[in-house]
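Take a look at the picture first, and then read on.

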There are 2 protein chains.
Amino acid sequence: MLTMEEARQGRATEALAAVAGDENIAVEKLVALVASGKAAILLNNRSTRKPMGLGPGLRTKVNANLGTSSDASSLDEELEKVDAAIAAGADAIMDLSTGGDLDTIRRAVLERSTVPVGSVPLYQAAVRSRTEGKGMVHMTGDDMLGAVEDHARDGMDFVTVHCGVTREVAEHCRRARRLADVVSRGEAFLMEWMSYNKQENPLYERYDDLLDIAREYDVTLRLGDGLRPGALADANDPAQIAELTVIAELVSRARERDVQAIVEGPGHVPLHLVASSVELEKSLCDGAPFYVLGPIVTDVAPGYDHIAASIGGAVAAAAGADFLCYVTPAEHLRLPDVDDVREGVYALRLAAHAADIAKNVVGAREWDDELSTARKALQWDRVIDLSLNSDKARAFRDASSPADEELCTMCGEFCAVRKMTNVREGEGE
Amino acid sequence: MLTMEEARQGRATEALAAVAGDENIAVEKLVALVASGKAAILLNNRSTRKPMGLGPGLRTKVNANLGTSSDASSLDEELEKVDAAIAAGADAIMDLSTGGDLDTIRRAVLERSTVPVGSVPLYQAAVRSRTEGKGMVHMTGDDMLGAVEDHARDGMDFVTVHCGVTREVAEHCRRARRLADVVSRGEAFLMEWMSYNKQENPLYERYDDLLDIAREYDVTLRLGDGLRPGALADANDPAQIAELTVIAELVSRARERDVQAIVEGPGHVPLHLVASSVELEKSLCDGAPFYVLGPIVTDVAPGYDHIAASIGGAVAAAAGADFLCYVTPAEHLRLPDVDDVREGVYALRLAAHAADIAKNVVGAREWDDELSTARKALQWDRVIDLSLNSDKARAFRDASSPADEELCTMCGEFCAVRKMTNVREGEGE
């Protein structure tokens, strides 16, 4: 039985119960959310990785995009990135490889990861067709769906499928004359394919077949927003919203067949539009879990896009986004290295946590209070242990030794924290 | 004549006209804003540094706090930090030194800086009393005001004065039993002083004398929020709001005497309270320019507090805050080094810019569109030149060379940008 099927009959699968326990949320509440499609449990019924939940009342999750490219395809480095992302606290990872031996890399990543793994099977189909010496435009619908099935069979927990760009939506995009046009790789393949073949997007046309595959493995579909804006100038344009409208219909069709579906979102969004873009997804798609790529709130920050994404991600998650894709400092400049991966995860975990405090997620604020209590008591070891990234906090502190070990070099002997403790003691407190 | 006096007579001083030009805002509009106290022009009538404006419709500004401590007091390093902060784009700096020869450091910083400089003269008074061998509690009101006058005479453009903590407000704070109590150094001095002397805060009691000093040099008063929260748990508590209420009265008294006054704000603030805390200041203090310290949106991010501050700063500035104080990655752990200063400035400039787009500040979005246009055309040199920190962007790109120089190693040959250009050409565009 599928997770959603069970939930609709009022039963919690083992995975669902485990997620409810992790999140400190009542099982019945989670069952109802999953039954309605407003929460999703990421898992694959052939894998033994720990399942992960997304939805209202649950912790905001962070995903780390990994994967090789034609310029950099070392399996060892990929596995190092998997370890680094998970050690930094990523809740999920994606293998977006397009370089090297994709089957080997995918299986190794799936074996290595302890958190749910996602992919974009269309990349595989595209690389395969190229390897077979035929142009990508000669891929068939079977090639595309076959790649999805291969990934699901290997144990993928969620797959991104760009079903929302119909020929009509693509025409919207053409007319829009966007500043950045299409910036999704999967989408660019499909736009080229549709333009050449003059046929409907097979991932849309054969959506029922996709749902069959998803049902076989209980895999969650992530409905990709191929027309996400790639520049602030393109945010919330008719092309993007037209695609989202199609996605809303596909969410509903997935639910009819007990397939869990989550929706992918932008991208590049000006700060004042971030919250409303989340609200729009939630209302259009009947509360389906929302995954956003950042979003980044300015285009001018190459080298600092992890910060631009933290701003957008925090505001998005506070407005209801459930799942944040990290952005690394290397975004728009190069494939991230291991350190970039780590920094990206921490930056977005910070954003997710700030949002969880704002959303009043169970247990979120307690962490801050614990750390601040230790800070007030000048318990440095405890402050560092409780820090988001203890290694980094320790390195900062160790690099600059105060004369008085109880203090730090910022204020030295004029430490307000210690002074106030003395003042209160003088007041007889 | 004072800047505000002139503005009230409908005239623009040279400094005001220069600021209006820099900001691309009509002079008459800025004159009216300054006349009402809703905008301020930071300057000192004895200095020749470039004046800087704060207020609605103007660019959000970023301040970098510098200064020695008893643990680290190298003048050379301070000057290096001044240069680094300004090179990174800081709109103002503060010399908050408490270690070494304060007079020498202050004058050297004032001479070196091309942007407005601020200080907290109370630190100087406290250090002086300690140097003279008397306890800080034995400082007199004359000592405190004398330090303000010394700083103004040396050319300081703005001074932070903790006038808002009356004995009554301090009593609020004592009763509040906050998690982090008082975290402002200046405030901690005053709390100790009031607790020991059982007298009113001289900076409040002798506010008219302070206004005389400010009038002499046309210096802007920054009304310090000594009771800003030092932990999320203390945000928006009665002590903080009681102080803000006193500050509102002091803003009004400053305006009666044509003294420009801006208000200092938190601190540690949960994300969902950031916008409303700005709105509260704007309504309570009749639109006085608002300077916020970050704010940081979680307590758990030592080592990443610049990111926590970017999130809070972006949201605060979008809600109307005018002036963001940077927070560096070293915050809460050690005195920032030169690199920390640089990273703090860039992180908060990013936040300020994201907010300026949201607030529709003249010219803000054009920067993003220019960069994205270059990105779409794969003009890498131009993308890097237009980046917030070109050196950093270039270093990322140079560290990982793509096989095809037109692309980057992120997507390699599967670059969506290039593919779409080809698709559009195939479509006859």
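R177(A) is exposed, because its relative accessible area is 63%. (Buried means under 20% relative accessible area, exposed means over 50%, and partly exposed is in between, using a 1.4 Å probe and protein chains only.) You'll find R177(A) in the loop between α8 (167-176) and α9 (185-197) of chain A. Its phi is near 45°, a positive value in a residue other than glycine.

N24(A) isn't a glycine either, and it has a positive phi of about 60°. This one is in the loop between α2 (14-23) and α3 (27-36) of chain A. With 60% relative accessibility, N24(A) counts as exposed.

## Before going further

This is a predicted model, in which local features need pLDDT of at least 70 and side-chain atom pairs count only at pLDDT 80 or more, while totals for chains, interfaces and linings use all residues. Residues are numbered from 1 along each chain as its sequence is written, chains are lettered from A and ligands numbered from 1 in the order in which they are written, and side-chain values use heavy atoms, with hydrogens and water left out.

Helix and strand names come from DSSP runs, numbered from the N terminus: helices are H or I with at least four residues, and strands are E with at least two.

## The barrel in chain A

In chain A, eight strands close into a barrel, in the order β3-β4-β5-β6-β7-β8-β9-β10, and their pairing is parallel. (Two strands pair if DSSP finds at least two bridges between them.) On average, neighbouring strands of this sheet are turned by 25° against each other, direction ignored. Helix α15 (residues 338-358) of chain A packs on the sheet, where it touches β3 (61-66) and β10 (323-325), and its direction makes about 160° with that of β3(A). (Contact means heavy atoms within 4.5 Å; axes are lines fitted to C-alpha atoms, for helices over the stretch in contact, and angles run from 0 to 180 degrees between N-to-C directions.)

Let's zoom in on β4(A). Four bridges pair it with β3(A) in the parallel sense, and D95(A) in β4(A) is the bridge partner of L66(A). Strand β4 (residues 92-95) of chain A is also joined to strand β5 (residues 117-119) of chain A by three bridges, and these two run parallel. There, M94(A) stands opposite G118(A) in β5(A). In a regular strand the side chains alternate between the two faces of the sheet. Both faces of β4(A) are covered: A92(A) and M94(A) on one side are buried, and so are I93(A) and D95(A) on the other.

Two bridges pair strand β5 (residues 117-119) of chain B with strand β6 (residues 158-161) of chain B in the parallel sense, and S119(B) stands opposite V159(B) in β6(B).

Helix α12 (residues 238-256) of chain B has 19 residues and reaches 28 Å from its first C-alpha to its last, close to the 27 Å expected at 1.5 Å a residue. (The expected span is 1.5 Å times one less than the number of residues.) Its buried residues include A239(B), L244(B), I247(B) and V251(B). Just after α12(B), D258(B) takes a positive phi of about 60°.

## How do the two chains relate?

A rotation of 180° with 0.0 Å of shift along its axis superposes chain B on chain A, with an RMSD of 0.0 Å. That is the relation of a two-fold axis. (Copies are superposed by least squares on the C-alpha atoms of residues with pLDDT of at least 70 in both.) In chain B, the C-alpha nearest the axis belongs to I311(B), 2.3 Å from it.

The copies meet through the same surface, because 100% of the interface residues of chain B are also interface residues in chain A. E427(A) is in the segment after α19 (416-426) of chain A, and it counts as partly exposed at 30% relative accessibility.
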